[in-house]
Amino acid sequence: MRGNPLRRLPVPPRDRLGETWREARPGRIRRALETAQQRSPGGWHVVGASSDLAADRSLVRLVDGREVALWRAADGRALAGPGACPHLGALLDGCEVIGGTMLCRWHGMARGERGRRSWQPYAAHDDGVLLWVQLPTPGEEPTDRPTLPVRPSAGASFATVVAVRGRCEPSDVIANRLDPWHGAWYHPYAFSHLAVDDDASDDARLVVDVAFRVSRRWGVPVRAQFTCPDARTIAMTITDGEGAGSVVETHATSLGVDALGAPWTVVTEATIATSARRGFAVARLLAPLLRPAVAATASRLWVDDLAYAERRAQLRARGESYGV
Ligand code: FES
Ligand SMILES: [Fe+2]
């Protein structure tokens, strides 16, 4: 076991922080986003945490303006189909599920794995942490399964999933994460001593050395890499330091547009934490590492990052462009 992961790393005063805008080149961020967007998700969209879906109740999620009902087969597999009952259109949310059959709440029409003429199921996948559904998506060739980031083994990790909504497109969420240079400036409560390793980075991978803040004096330095397994996902993997092998997956799913035509996106973030440490020590020592991702700081991070993503969407809607 290694020693204490905490390092005495006082937060630099703001006037000594050093500008990062020169490194945060707009063309570089744009190229990384374009590279990510070339990775087809194969029509797969994250619709929540595996733990959201009970064995005995259906739920409905919105994907790109489409209502999608999810429920579980008798063997626990996730199943999906259109969210409106083909009889009179009841929302198939919160329906009883008995032996893998979903019963409509209005008149009890039973839905199983097999479709009917007017109601065809969608492919669904439960990867153990997240639920996915596959929908016909323009420009995306369907694949058998979603492309998952490399994760620590389920037995040696624990996962936390949180979802937040913002008024932006999925690409705005990914673009925000492809700008790591904002970290120490915009989230000083969560990060400091952030440096992008240009030699190890390219348009498909950003390698960053950063300290997670525990207090104004103490931080946990790690090396992390950002990659996009598909156009709607960005994964931050800790490659060195405390919690190496842990991954924070950020999945952006379009909900569609609101009444005014503005886009809505839900960000589903899965933190899958692992550590070489064992037992009680794991929980205790992972706490500082996880604090930025799963505790109080997290909501601030998400609020701030969503504000960044929403600002991108707002500028686009106003026809303004910067850094071109
Ligand atoms: S609306 Fe579903 S069974 Fe009537
Ligand atoms: Fe951020």
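## Residue H193

H193 lies in strand β12, which covers residues 191–196; helices (H or I, at least four residues) and strands (E, at least two) are DSSP runs, numbered from the N terminus. This is a predicted model, in which local features need pLDDT of at least 70 and side-chain atom pairs count only at pLDDT 80 or more, while totals for chains, interfaces and linings use all residues. Residues are numbered from 1 along each chain as its sequence is written, and chains are lettered from A and ligands numbered from 1 in the order in which they are written.

By definition, a residue is buried if 20 or more other C-beta atoms lie within 10 Å of its own, exposed if 12 or fewer, and partly exposed in between, with C-beta atoms placed from the backbone. Although H193 is not a glycine, its phi is positive, at about 50°. Not counting residues up to four places away in sequence, H193 touches L9, V210, A211, G219 and P221; two residues are in contact if their C-beta atoms, placed from the backbone, lie within 7 Å. H193 and F212 are 19 residues apart in sequence, and their C-alpha atoms are 8.9 Å apart in space.

## Overall form

The secondary structure of the protein comes to five helices and 17 strands. The radius of gyration is 21 Å, close to the 20 Å that the globule rule gives for 324 residues, so the protein is as compact as a globular protein of that length. This radius is taken over C-alpha atoms, and the globule rule is 2.2 Å times the number of residues to the power 0.38. Along the principal axes, the C-alpha atoms fill a box of roughly 65 × 55 × 30 Å.

Buried residues make up 38% of the 324 residues. Among contacts between residues at least 6 apart in sequence, 60% join residues at least 24 apart.

## Two domains

The protein is divided into domain 1 (7–39 + 148–317) and domain 2 (44–134); these bounds come from an automatic or database domain assignment. The C-alpha centres of domain 1 and domain 2 lie 31 Å apart. The contact takes 14 residues from domain 1 and 13 residues from domain 2.

On the side of domain 1 that touches domain 2, the elements that give two or more residues are β11 (157–166), β16 (247–257) and β17 (263–274). Of these, β16 gives the most, with six residues. By class, this side of domain 1 has nine nonpolar, five polar and no charged residues. Here Ala, Val, Leu, Ile, Met, Phe, Trp, Tyr, Cys and Pro count as nonpolar, Asp, Glu, Lys and Arg as charged, and the others, Gly among them, as polar.

## The nonpolar core

In soluble globular proteins, nonpolar side chains tend to be buried together. The largest nonpolar core in this model has 65 residues, and those with the most contacts inside it are L70, V133 and I174. Such a core is a set of buried Ala, Val, Leu, Ile, Met, Phe, Trp, Tyr and Cys residues joined through C-beta atoms within 7 Å. Strand β13 (residues 206–213) supplies the largest share of this core, six residues. Domain 1 and domain 2 both give residues to this core, so it lies between them.

Leaving aside neighbours within four places in sequence, the contacts of L70 include V47, L53, A78, L79, A80 and V133.

Strand β4 (residues 66–72) and β5 pair in the antiparallel sense over five bridges; two strands pair if DSSP finds at least two bridges between them. The bridge partner of V68 in β5 is P82. Five residues stand between the strands of this hairpin, where G76 takes a positive phi near 95°. Strand β5 (residues 78–82) is largely enclosed by the rest of the structure, because four of its five residues are buried.

D64 is placed in the loop between β3 (59–63) and β4. The phi of D64 is near 55°, a positive value in a residue other than glycine. D64 counts as partly exposed because it has 17 C-beta neighbours inside 10 Å.

Three further strands form an open antiparallel sheet in the order β6-β7-β8. Its edge strands, β6 (96–98) and β8 (110–111), each pair on one side only. Strand β7 (residues 101–103) runs antiparallel to β8 and is joined to it by two bridges. M102 stands opposite R111 in β8.
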